[in-house]
Amino acid sequence: VELGYKSPLKPLRQGKSKLVLISSNTPPLRKSEIEYYAMLANNNKSGSKTQVHHYAGTNSELGTACGKYFRVGVASVTDPGDSDICNSLSA
């Protein structure tokens with residue numbers, strides 16, 4: 001899991017991100033940039049689909065949901081492991 005704004009961009013550009021969570025109070029320009037990179041990753045022939053989920057809470061709440069004591073505007077999941085987070089959000 002990559003947290004922050006700049007850290008998730010690299011795996012997102014490489015097409016390695018499976019899921020991107022964006023908090024509700026992320027600035028619109030950053031939201032559109034993340035969504036654009038996700039769209040490019042989906043159009044790439046890498047075969048992996050990147051899902052973008054707009055988290056209903058603020059960046060403070062997203063940080064708490066990630067188990068951190070700081071604000072998180074964007075979180076990128078590259079390896080979901082045994083969890084079914086990607087499947088549960090698509091349903």
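## Aromatic rings

Rings of Phe, Tyr and Trp (its six-membered ring) pair if their centres lie within 6.5 Å; planes under 30 degrees apart count as stacked, over 60 as edge-to-face and the rest as tilted. This is a predicted model: local features need pLDDT of at least 70, side-chain atom pairs need 80 or more, and totals for chains, interfaces and linings use all residues. Residues are numbered from 1 along each chain as its sequence is written, and side-chain values use heavy atoms, without hydrogens or water.

How many aromatic pairs does a search of the whole structure find? It finds one. The partners are Tyr36 and Tyr37. Their centres are 6.2 Å apart, and the planes make 50 degrees, so the pair is tilted.

## Charges over rings

Two arginines sit over tyrosine rings. The test is NZ of Lys or CZ of Arg within 6 Å of the ring centre and within 35 degrees of the ring normal. Arg13 has its charged end over Tyr37, 5.4 Å from the ring centre. For Arg30 over Tyr5, the distance is 4.2 Å.

Tyr36 has 45% relative accessibility, so it is partly exposed. Met39, in helix α2 (residues 28–43), is partly exposed too, at 37%. Buried means under 20% relative accessible area, exposed over 50%, and partly exposed lies in between (1.4 Å probe, protein chains only).

## The sheet

Four strands form an open sheet in the order β1-β4-β2-β3, with mixed pairing. Helices (H or I, at least four residues) and strands (E, at least two) are DSSP runs, numbered from the N terminus. Strands pair if DSSP finds at least two bridges between them.

β1 runs antiparallel to β4 (residues 74–77), joined by two bridges. Leu3 has Ala75 of β4 as its bridge partner.
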